[in-house]
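The sequence and structure come first.

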Amino acid sequence: ERRIAAERIVLAPGSRPTRPDGVDFNERTILDSDGILHLEKIPDTMVVVGAGVIGVEYASMFTALGCKVTLIDGRPDVLPFCDKEIVESLLFYLRDRRLTLRVGEKVVAVEEHPAGTVTRLESGKQIAADVVLYSAGRRGAVDGLGLEAAGVALDNSGRLVVDENFRTTAAGIYAVGDLIPGPM
């Protein structure tokens, strides 16, 4: 056990990928945004689940490397907090690089198969690919920090509640980055 005392403490421990229940991450063909960094070769085809910042970023990188990417998100818009004209321009560019976009589509299963993976959508569609990148966001790496004992409140998404000055609900403790709501 290690105790730290200070008049003010800023929490910024980084983050880890969110891993939804029911997805069997195997670190070979079904990956999160950390695991994708350990691929030994560029796949020919990839499904990216999640059209937020991380998902779009990886989709863009892999299309630039010649990979055919299908980007799927249950929401109706890609990068909904960004300027619509910029997003449309980006999507036009990505489609030219072999990106297929499926918004408003919910993923119900991701399965490993001998030839790669199959992603099953609620609509009944099935998408085969060499690998699947599950990009469901990131969560603050707060395990073991004893936030509850310090009186720091979390919201429903597991992020720290802060005010406009980044103060948490505990006196003298502030939080920034991946720990708090909003774009990271």
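Which residues of α1 are buried? In helix α1, the buried residues are G55, V56, Y58, A59, F62 and T63, where buried means under 20% relative accessible area, exposed over 50% and partly exposed in between, with a 1.4 Å probe and protein chains only. Helices (H or I, at least four residues) and strands (E, at least two) are DSSP runs, numbered from the N terminus.

The model is predicted: local features need pLDDT of at least 70, side-chain atom pairs count only at pLDDT 80 or more, and totals for chains, interfaces and linings use all residues. Residues are numbered from 1 along each chain as its sequence is written, and side-chain values use heavy atoms, with hydrogens and water left out.

**Helix α1**

- Helix α1 covers residues 53–64, 12 residues in total, and reaches 17 Å from its first C-alpha to its last, close to the expected 16 Å; the expected span is 1.5 Å times one less than the number of residues.
- The buried residues of α1 fall within an arc of 165 degrees when seen down the axis, so they line one face of the helix; the arc is that of the directions from the helix axis to the C-beta atoms.
- The cover over these buried residues includes β4 (45–49), β5 (68–73), α2 (84–96), β6 (99–103) and β10, with contact meaning heavy atoms within 4.5 Å.

**Helix α2**

- The 13 residues of α2 should span 18 Å at 1.5 Å a residue, and the end C-alpha atoms are 18 Å apart, which agrees.
- V87, L91 and L94 are buried in α2, and they fall within an arc of 65 degrees seen down the axis, so they line one face of the helix.
- An α-helix has 3.6 residues a turn, so residues three or four places apart point the same way.
- The buried residues of α2 pack against α1 and β6, while the face turned away from the buried side carries the exposed residues E85, I86, F92 and D96.
- At the start of α2, a side-chain oxygen of D83 comes to within 3.0 Å of the backbone nitrogen of E85.
- R98 follows α2 and has a positive phi, near 80 degrees.

**Aromatic pair**

- The structure holds one aromatic pair, and this is F25 with Y134, edge-to-face, at 6.1 Å centre to centre and 75 degrees between the planes.
- Rings of Phe, Tyr and Trp (its six-membered ring) pair if their centres lie within 6.5 Å; planes under 30 degrees apart count as stacked, over 60 as edge-to-face and the rest as tilted.
- The pair links distant parts of the chain, 109 residues apart: F25 is in the loop between β2 (15–17) and β3 (30–31), and Y134 is in strand β10 (residues 131–134).
- F25 is buried at a relative accessible area of 12%, and Y134 is buried at 12% relative accessibility.

**Cysteines**

- Zero disulfides are found in a search of the whole structure, a disulfide being a pair of cysteine sulfur atoms within 2.5 Å.
- C67 is buried, with a relative accessible area of 0%, whereas C82 is partly exposed at 29%.

**R120**

- R120 is in strand β8 (residues 116–121) and is partly exposed, with a relative accessible area of 23%.
- Not counting residues up to four places away in sequence, R120 touches K106, V107, V108, A109, E111, H113, K125 and Q126.
- R120 and L154 are 34 residues apart in sequence and 33 Å apart in space, C-alpha to C-alpha.

How values were computed
Polar contact = N/O pair within 3.5 Å; in protein donor to acceptor, adjacent residues only side chain to side chain.
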